[in-house]
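Please open the model in your viewer and keep the sequence panel beside it.

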Amino acid sequence: MLFRSHPLVRSMLLLLATVLLSACASMPSRDPLQVTVAGVESIPGEGLELRLLVKLRVQNPNDTPLDFDGVSLNLDVMGRDFASGVSDQAGTVPRFGEAVIAVPVTVSLMRMARQVLGMLDGKPVDKVTYSMSGKLHGASMFGTQRFTSKGEFELPQHAPAGSDVDAP
């Protein structure tokens, strides 16, 4: 009822909607970040948990730097939840540049046991697949960037018994 009787209010709302839509349309589109695992180190844990420091190499393929003030990370191994972590680290990934960001993650004893039991199904495991997802929380209002990445690595093969490998 208020909108029918006040053409000025309707005009102001229409103007506001137009400005908001044009602001959204003029926001630059961003290419996704490229995130890979640069390294993993063991760090002290508590009781029945394993703590790891996962180093992420973050590449920014965009023309604007990405300021961040927090990171979250989830890791899956062989299709199962494995580890998760957060960090309040802050920094900048430069435009068309990269940065290494360290995130401590926790693996519970139950998750480790589930991974081991899942690998004991009688099939040989040659490759271990992983996927990760997370986000860099942006320091600006529209700066939060989510990322996903997948990969695999081959397990070392043992030399068969009786092979011609020299013993030390």
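This is a predicted model: local features need pLDDT of at least 70, side-chain atom pairs count only at pLDDT 80 or more; totals for chains, interfaces and linings use all residues.

Residues are numbered from 1 along each chain as its sequence is written, and side-chain values use heavy atoms, with hydrogens and water left out.

**The whole chain.** Begin with a cartoon view, where the secondary structure comes to three helices and eight strands; helices (H or I, at least four residues) and strands (E, at least two) are DSSP runs, numbered from the N terminus. Read from the N terminus, the elements follow the order α-α-β-β-β-β-β-β-α-β-β. Of the 168 residues, 22% count as buried, where buried means under 20% relative accessible area, exposed over 50% and partly exposed in between, with a 1.4 Å probe and protein chains only. Among contacts (heavy atoms within 4.5 Å) with a separation of 6 or more, 60% are accounted for by residues 24 or more positions apart.

**The core.** Next select Leu56, Val58, Leu73 and Leu136, the residues with the most contacts inside the largest nonpolar core, which has 24 residues. Such a core is a set of buried Ala, Val, Leu, Ile, Met, Phe, Trp, Tyr and Cys residues joined through side-chain atoms within 4.5 Å. Two or more residues each come from strands E2 (49-60), E3 (66-77), E4 (80-87), E6 (97-108) and E7 (127-138), and the largest share, six residues, is that of E3. If you centre on Leu73, its contacts beyond four places in sequence include Val54, Leu56, Val103, Met132 and Phe147.

**Asp76.** Stay in strand E3 and move to Asp76, which is partly exposed, with a relative accessible area of 23%. Beyond its neighbours within four places in sequence, Asp76 is in contact with Asp81, Phe82, Thr129, Tyr130 and Ser131. A distance drawn between the C-alpha atoms of Asp76 and Met132, 56 residues apart along the chain, comes to 6.2 Å.

Now select strand E1 (residues 34-43), which runs antiparallel to E2 and is joined to it by nine bridges; two strands pair if DSSP finds at least two bridges between them. Gly39 has Lys55 in E2 as its bridge partner. Five residues lie between the two strands of this hairpin, where Gly47 takes a positive phi near 50°.

**The pocket.** Which residues lie nearest the centre of the largest pocket? Select Val77, Phe82, Val128, Tyr130 and Phe153, which hold that place among the 15 lining residues. Two or more lining residues each come from E1, E2, E3, helix H3 (109-119), E7 and strand E8 (145-154).

**Two loop residues.** Finish with Met78, in the loop between E3 and E4, whose phi is near 55°, a positive value in a residue other than glycine. Met78 is partly exposed, with a relative accessible area of 29%. Then select Phe96, in the loop between strand E5 (91-93) and E6, which has a positive phi of about 45° although it is not a glycine. Phe96 is exposed, with a relative accessible area of 53%. For background, most residues other than glycine have a negative phi.

Methods: On a 1 Å grid over the protein atoms alone, a cavity is a set of points where a 1.4 Å probe fits but cannot get out, and a pocket is an open set with protein on both sides within 12 Å along at least five of seven lines; lining residues have an atom within 4 Å of a point.
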